[in-house]
Amino acid sequence: MIDHITLRDTARDSVLSKELGYGYVPISKAANTNVKRFLWQVEHELGHCRPVGEQYFSVHNYGWRFGRPDARTPWLGFRKSAIEEFYAALVGRRMLTVVRNPYIRLLSGYLEKIVAKVDVEPNIPAKFQLPRRPDNFADFVYMVCDRPSARTDIHFRSQTYASLFDFIAYDAVGHVETLAAGLADFSVAALGRDFSHLLSAKADHAMKARQKLKDHYTPDVARAIYARFRDDFLNFGYDYDLEAVTPVRPVARAGALNSYLEDAAHMCAPTLRDEDPAPSARAIAASETLLARLEAGQGISDLDKSLAPYARKLIQK
């Protein structure tokens, strides 16, 4: 599945190096901050930027002056409305994402974003796209599992969806559970050296949710999560068994639909803009091709199904 929501969020949150030819697509609650700090430290060690800020979350994209040559960041920035430019800029880069065991990721999100804040911030349920305050973890799980990824908060949505796994041909998919080893492999392949010693010691906090699994999980809760996030388990090598925290299989092949990614960005871009611009020639051509496939009964499963509303809207303009 692909739509303007994940195209926008990926373009907004990802980082593309100005100098080193890599790109990182972050997944919330999967070591996002740690990996960005690591990549920034690598850029600094190679002389491409200032040291990383003392504030732990200063590596995130919030508040950057996007696209300005004097922006104090080692990465290119893209406004959420400029998704055509972002996806064009992925071509030729070594791409990285990092994933996490779905059982642990959802529990970590619940403990950090809901339990730790809901008593002091009454609007927390609405902020994280929940209909009400969950009574407990099981109640929270059923709320999340009842929503499609496009209507789920970024911290809880499917990792397959959030990473555009079917559309980005990743060179490396790391795992939070083996983060240092994964970043070592990626930095050697992409940058010629092992920079894993630059990974912050704060990465250790990422495993605390593992210790609490038995306190929150029942067989019914585990079954609900596996059913809802089955693609994440299968694509990223995780096992159904709650005790098997680390991956048990290699990651599946990413980017099977990569050749359609830029066309999808062109078709969805007008949805993200305040004004109502005329569709680009590429957007019109892609829309006509997609609708012709559907009319001939040759649609590309979920891809054409998810993009068809955008195509029809553009053709009608």
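## I114 and its surroundings

Leaving aside neighbours within four places in sequence, I114 is in contact (heavy atoms within 4.5 Å) with G109, I124, F128, L130, P134, F140 and F156. I114 is buried, at a relative accessible area of 3%. Buried means under 20% relative accessible area, exposed over 50%, and partly exposed in between (1.4 Å probe, protein chains only). R133 is 19 residues from I114 in sequence, and their C-alpha atoms are 8.3 Å apart in space.

## Basis of the model

This is a predicted model, with residues numbered from 1 along each chain as its sequence is written. Local features need pLDDT of at least 70, side-chain atom pairs count only at pLDDT 80 or more, totals for chains, interfaces and linings use all residues, and side-chain values use heavy atoms, with hydrogens and water left out.

## Helix 4

I114 lies in helix 4. Helices (H or I, at least four residues) and strands (E, at least two) are DSSP runs, numbered from the N terminus. Helix 4 covers residues 102-115, and its end C-alpha atoms are 18 Å apart. The expected span is 1.5 Å times one less than the number of residues.

Helix 4 is mostly covered, with 12 of its 14 residues buried. Among them are P102, Y103, R105, Y110 and K113. The buried residues pack against helix 5 (124-127), helix 6 (137-145), helix 7 (159-162), helix 9 (213-216), helix 10 (219-228) and helix 11 (230-236). At the start of helix 4, a side-chain oxygen of N101 comes to within 2.9 Å of the backbone nitrogen of Y103.

## Strands 4 and 5

Strand 4 (residues 94-99) and strand 5 run parallel, joined by four bridges. Two strands pair if DSSP finds at least two bridges between them. V98 has G174 of strand 5 as its bridge partner.

In a regular strand, side chains alternate between the two faces of the sheet. In strand 5 (residues 172-175), A172 and G174 point one way, V173 and H175 the other. All four are buried.

## Whole protein

The protein has 14 helices and five strands. Its radius of gyration is 20 Å, close to the 20 Å from the globule rule for 317 residues, so the protein is as compact as a globular protein of that length. The radius is taken over C-alpha atoms; the rule is 2.2 Å times the number of residues to the power 0.38.

Buried residues make up 54% of the 317. Of the contacts with a separation of 6 or more, 72% join residues 24 or more positions apart.

Terms used:
Polar contact = N/O pair within 3.5 Å; in protein donor to acceptor, adjacent residues only side chain to side chain.
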